[in-house]
Amino acid sequence: ILLVGYSYGSLISLSAAGAHVPQCVGVVSIAPPWSVAHWLLGFHTQQHATWSRQRPELPRLFCIGSEDNFTSEAAFSKRLKQDFDFEHTTGAVLKDADHFFGRRERDLMRVVERWMSKVYPACQGDLSRLKSMDYGLYQAPDSSGGGSS
């Protein structure tokens with residue numbers, strides 16, 4: 001599972017990937033509204049932050065527009081350094097894009113595509129191969145119905 005979240009969903013996907021979804025092999029966090037997270041998370045910001053920092057080996061991509069309406073580029077950079085200074089964390093800022101990425105959706109898609117190609121090179125550019133790759137992170141239960149005797 002590759003979790004992708006936008007705005008509020010990016011906060012939830014980060015905490016879920018870190019603490020609640022062991023099958024997750026990566027997270028894409030688009031426009032995380034960190035400057036207003038305390039309101040969005042019902043004042044449980046610290047708990048979500050703790051969960052989202054778990055599993056430092058998990059590849060993470062954070063994208064924000066340089067003109068984001070809720071989180072400044074400086075606050076974005078500070079948060080990445082403070083909370084996600086892991087080897088597999090990537091941060092990207094789309095110049096002149098706001099929180100909603102109006103007319104910049106294709107640029108955002110290119111950033112995600114390049115990141116995925118770098119992080120999952122075995123796909124060889126065909127991201128549909130993700131579903132059959134072995135990440136060594138999760139073992140699916142035996143669905144053959146033939147349990148052990």
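1. A word on the source before anything else: this is a predicted model. Please keep that in mind with the angles and distances below.

2. I would start with the backbone at S7. Its phi is near 55°, a positive value in a residue other than glycine. S7 sits in the loop between strand 1 (2-6) and helix 1 (8-19). Is S7 buried or exposed? With a relative accessibility of 15%, S7 counts as buried, because the cut-off for buried is under 20%.

3. You will find R55 in the loop between helix 3 (45-53) and strand 3 (60-65). R55 has a relative accessible area of 17% and is therefore buried.

4. Now to the rings. How many aromatic pairs does the structure hold? There are seven. One of them joins W34 and F76, whose ring centres are 5.9 Å apart with 25° between the planes, and this pair is stacked. The angle explains the label, because planes under 30 degrees apart count as stacked. The pair links distant parts of the chain: W34 belongs to the loop between strand 2 (26-30) and helix 2 (37-40), while F76 is in helix 4 (residues 73-83), and 42 residues separate them. W34 counts as buried at 10% relative accessibility, and F76 is also buried, at 1%.

5. Another pair to inspect is F62 with F84. Their centres lie 4.8 Å apart and their planes make an angle of 45°, so the pair is tilted. Which parts of the chain does this pair tie together? F62 lies in strand 3 and F84 in the loop between helix 4 and strand 4 (89-94), so the contact joins parts that are 22 residues apart in sequence. F62 has a relative accessibility of 0% and counts as buried; F84, at 3%, counts as buried too.

6. W34, F62, F76, F84 and F86 form one aromatic cluster. That cluster takes in both the stacked pair of W34 and F76 and the tilted pair of F62 and F84.

Note on methods. Residues numbered from 1 in each chain as written. Predicted model: local features only at pLDDT ≥ 70, side-chain atom pairs only at ≥ 80, totals over all residues. Heavy atoms only, no water. Helix = DSSP H or I, 4+ residues; strand = E, 2+ residues; numbered from the N terminus. Buried < 20%, exposed > 50% of the residue type's maximum accessible area, 1.4 Å probe, protein only. Phe/Tyr/Trp six-rings, centres within 6.5 Å; stacked < 30°, edge-to-face > 60°.
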